[in-house]
Amino acid sequence: MKITSQRGNVIKLTDIGPPAARQHGEFVVEERSAAEGRAKRTRKVTPLETLFNRGLITKNEWVAGTRLAETWFAAGYESPVTVNLFGVRGEPRDYTPKQLAARRDFDLAMSDLGPLKSTAYDICCEEMTIRSIEGAMGWRRGAGLIVIKIALKALASHYGYEVPKKPVT
């Protein structure tokens, strides 16, 4: 266990867990408090976080990808969990003003990405791994990371995050 944060009398410990959990991108988060005892929860690590933790993408690219995912979720685009067994379509859903604003922001970001939008959507919103994106697109192994970095740089540029430029030598 490793202490990752401490706020007041609550200490947050994390552990990458057993190999089976690591394989599926999960780790254990344990919070200890003097008043409440212990609380454990398992949290899934997204492929975007994995790329950032391995140093394969910059912080601005990670923040931009996370912002796109949060906007997608706030817009209500996620797949429904329930199934309609009767085959009757319901009334059109009424969206809140916050959801409509999130939909506009998401659609604008997607339109600014152009042909890279499917790759950015897959890694940020659908949380697909590099290998699964490469397989779905028919790319050879290793090509996915290059395209993902280009898409995340474009996304960071769209959101106005400063993308560091390498000096030409």
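These are legends for a set of close-up views of one predicted model.

The model is predicted, so local features need pLDDT of at least 70, side-chain atom pairs count only at pLDDT 80 or more, and totals for chains, interfaces and linings use all residues. Residues are numbered from 1 along each chain as its sequence is written, and side-chain values use heavy atoms, with hydrogens and water left out.

**View 1. The whole fold, before zooming in.** The protein has 7 helices and 4 strands, where helices (H or I, at least four residues) and strands (E, at least two) are DSSP runs numbered from the N terminus. Read from the N terminus, the order is β-β-α-β-β-α-α-α-α-α-α. Of the 169 residues, 30% are buried; buried means under 20% relative accessible area, exposed over 50%, and partly exposed in between (1.4 Å probe, protein chains only). Take the contacts between residues at least 6 apart in sequence: 43% of them join residues at least 24 apart. A contact here is heavy atoms within 4.5 Å.

**View 2. The largest nonpolar core.** A nonpolar core is a set of buried Ala, Val, Leu, Ile, Met, Phe, Trp, Tyr and Cys residues joined through side-chain atoms within 4.5 Å. The largest one holds 23 residues, and L68, I123, C124, L152 and L155 touch the most other members. Two or more residues each come from α2 (47-53), α3, α4 (97-113), α5 (117-124) and α7 (143-159). The top contributor is α7, with 7 residues. As for L68, its contacts beyond four places in sequence are F106, A109, M110, A120, C124, C125, L155 and Y159. In soluble globular proteins, nonpolar side chains tend to be buried together.

**View 3. Helix α7 along its length.** Just past the helix, G160 takes a positive phi of about 85°.

**View 4. Helix α5 and its cover.** Buried in α5 are T119, A120, D122, I123 and C124. Elements covering them include α2, α3, α4, α6 and α7.

**View 5. G65, a glycine in helix α3.** G65 belongs to α3. Is G65 buried or exposed? With a relative accessible area of 0%, G65 is buried. Setting aside neighbours within four places in sequence, G65 contacts L48, C124, L152 and L155. For G65 and L152, the C-alpha atoms are 6.5 Å apart, though the two residues are 87 apart in sequence.

View 6. Beyond four places in sequence, T71 touches A102, D105, F106 and Y159.

View 7. How many salt bridges does a search of the whole structure find? There is 1, with the definition being a side-chain nitrogen of Lys or Arg within 4 Å of a carboxyl oxygen of Asp or Glu. The partners are K149 and E61, at 3.4 Å from N to O. K149 sits in α7 and E61 in α3, 88 residues apart, so the pair links distant parts of the chain. E61 is buried at 1% relative accessible area, whereas K149 is partly exposed at 21%.

**View 8. Two of the aromatic pairs.** The structure holds 4 aromatic pairs: rings of Phe, Tyr and Trp (its six-membered ring) pair if their centres lie within 6.5 Å, with planes under 30 degrees apart counted as stacked, over 60 as edge-to-face and the rest as tilted. Y77 and F106 have ring centres 5.3 Å apart and planes at 55°, so this pair is tilted. Y77 is in the loop between α3 and α4, and F106 is in helix α4, 29 residues apart. F106 is buried at 6% relative accessible area, while Y77 is partly exposed at 27%. The rings of Y159 and Y161 are tilted too, with centres 6.2 Å apart and planes at 55°. Y159 is buried at 14%, and Y161 is partly exposed at 24%.
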